[in-house]
Amino acid sequence: MKKYLGGFILLFILIGVLIGCSESSGMQHSDMNMDNHDNMDGEMDHGNMEEAHGKQVELKSSSGENEISIPVAMKSESKEETRYTIRAKKGHTEIYKGIKSDTLGYNGSLLGPMLTFKAEEMVTMRLINELEEETTFHWHGLEIPADIDGGPHDTLKPGDERTITFKVKQDAATLWFHPHPKGKTAEQVYNGLAGLIYIEDEATNQLGLPDQYGINDIPLIIQDRMFKEKRLDYQTAKNTDGTIGDTVLVNGTVDPKLTLAKEKVRLRLLNGSNARNYTLSLDNDDSLEQIGTDGGLLNKPIQRNEVTLTPSERAEIIIDFSKVKANKMALVDDEGVKILVFNLKDEVKPSKDLPKEMNDYEVTQEELSLPVTKKIELFGMMDNVTINGKKFDADRIDFEQKKGVTEVWEIYNKPDEMGGMIHPFHIHGTQFKIISRDGKTPPESEQGWKDSLSVSPGEKVRVAIEFQYEGIYMFHCHILEHEDNGMMGQINVY
Ligand code: C2O
Ligand code: CU
Ligand code: CU
């Protein structure tokens, strides 16, 4: 009852703020565009009002001043098997030259290395928490046993370590890892904890896709951040409805550019933001080819004008720069804001044609005829976010599902009086298939393995999902503050 009352009061305040703001909001937002960091404190005062608008902090265009950093491709410590040591640690990073931010990273001061796993092979990882607070190591998109999945049950105290071993039981894909401690995920990710995993398999290696890491096969971790006097500062930027910033970082680089030869380039996009959605396209209106989703390659490359990614979603795309006359180009969002500037060398390199067939993904007739056996209702905003009317409780199991049995889940985003907002929904420990959106076949770009999906207000999405291992897995909204506020549940696979 208390919660309800709170909700109503909040709603009235919000409506008031909305009405109050509607006239002046245009001005405020154009002010936000100014490259005036000294003004940041003043601007931040609008923060609370802006919550009512949803995602209204405008992003600034990248000036293209700084070459992006490429995460280190970590080498296995052993020739016989894949073996890595990962340390979560504190550090200082000059995101802006000469100004140090307190940041977190894996094996470094910001973000983490790129880990390569080979399909069907064993992986051993020694995980060490060198932070001054609890953390977990969660493997987003990886199909591994629940007890090493790194959910909120799986915390390592400061100074603790543990070693995990597992077999890679899925095909080539771009996955990622990040912390997942209860109530602290948003802050730890915001401050820099996120790394990449490339799963490789033989069949994919034979396809002739661009595969020279850092040259024509490049990961792009896209994250928006707010700076206070050019320093990262989560506490000031924090928004219970999802923290968004006015500055985009790609692989931790501010004002990023990427220097490339004119050839086909594979970009592995990860929306690693706490809350912002991006719709990305090329500023010269060229199309691009999407080749992969969260969990692997599409059956064939598909031509697209734009790609939308909600938090934690990935897409692999190919851009053919060999046809481009100019030496400058950019990846832009739907407002034309430059997310990444491409700096093209004159050197034109030949590249292979894209393969016509890449995968054998299929939604079967049987899957299409399965009844819905689990319903998920996403609802709310800010602190009042719930799944099926409940907040996360580590002592409550929300669902049970049998290992190796496919079930259909229906995920519904229940609108509120103000319309509602997109919630990016994610399930641990598996890759699933989207079988319909509001009863319709999903777009081609979603006809591939997924572990996260966007659900718009009012929308019902059905997914076919199977778990390979037993144990307790999380499912949650991947707006990290929503997750921390309890928009999470757990399933026991038996
Ligand atoms: Cu990206 Cu619960 O995970
Ligand atoms: Cu996950
Ligand atoms: Cu949400």
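R268 and E316 are both buried, buried being defined as under 20% relative accessible area, against over 50% for exposed and partly exposed in between, with a 1.4 Å probe and protein chains only. These two residues form a salt bridge, in which the closest N and O atoms are 3.7 Å apart. The term salt bridge stands here for a side-chain nitrogen of Lys or Arg within 4 Å of a carboxyl oxygen of Asp or Glu. R268 belongs to strand β16 (residues 264–271) and E316 to strand β21 (residues 314–320), so the pair ties together parts that are 48 residues apart in sequence. Helices (H or I, at least four residues) and strands (E, at least two) are DSSP runs, numbered from the N terminus.

Before I continue, a word on the basis of these values. The model is a predicted one, in which local features need pLDDT of at least 70 and side-chain atom pairs count only at pLDDT 80 or more, while totals for chains, interfaces and linings use all residues. Residues are numbered from 1 along each chain as its sequence is written, chains are lettered from A and ligands numbered from 1 in the order in which they are written, and side-chain values use heavy atoms, with hydrogens and water left out.

How many salt bridges does this rule give? The count comes to 31. One of them joins K433 and E367, with 3.1 Å between the closest N and O atoms. Because K433 lies in strand β29 (residues 433–437) and E367 in helix α8 (residues 365–369), this pair ties together parts that are 66 residues apart in sequence. K433 is buried at a relative accessible area of 9%, and E367 is buried at 12%.

A further salt bridge, between E134 and K157, has an N to O distance of 3.6 Å. E134 sits in the loop between β5 (122–129) and β6 (138–140), and K157 in the loop between β6 and β7 (161–167), 23 residues apart.

I turn now to the copper ions. Which residues coordinate ligand 3? This copper ion is held by H423 through ND1, C477 through SG and H482 through ND1, at 2.0 to 2.2 Å. Donors are N, O and S atoms within 2.8 Å of the metal (3.2 Å for Na, K and Ca); water is not among the atoms, so sites may look incomplete. Along the chain, the donors of ligand 3 follow the spacing H-x53-C-x4-H. H423 is in strand β28 (residues 423–427) and H482 in helix α9 (residues 480–484), 59 residues apart. H423 is buried, with a relative accessible area of 1%, and H482 is buried at 0%.

H138 is in strand β6 and H426 in strand β28, so parts that are 288 residues apart in sequence are tied together. H138 counts as buried at 0% relative accessibility, and H426 is likewise buried at 0%.

Finally, the strand pairing around β24. Two strands pair if DSSP finds at least two bridges between them. Strand β24 (residues 372–381) runs parallel to strand β27 (residues 407–414), joined by 7 bridges, and F379 stands opposite K414 in β27. β24 and β25 form a hairpin with 2 residues between them, and M382 in the turn has a positive phi of about 50°.
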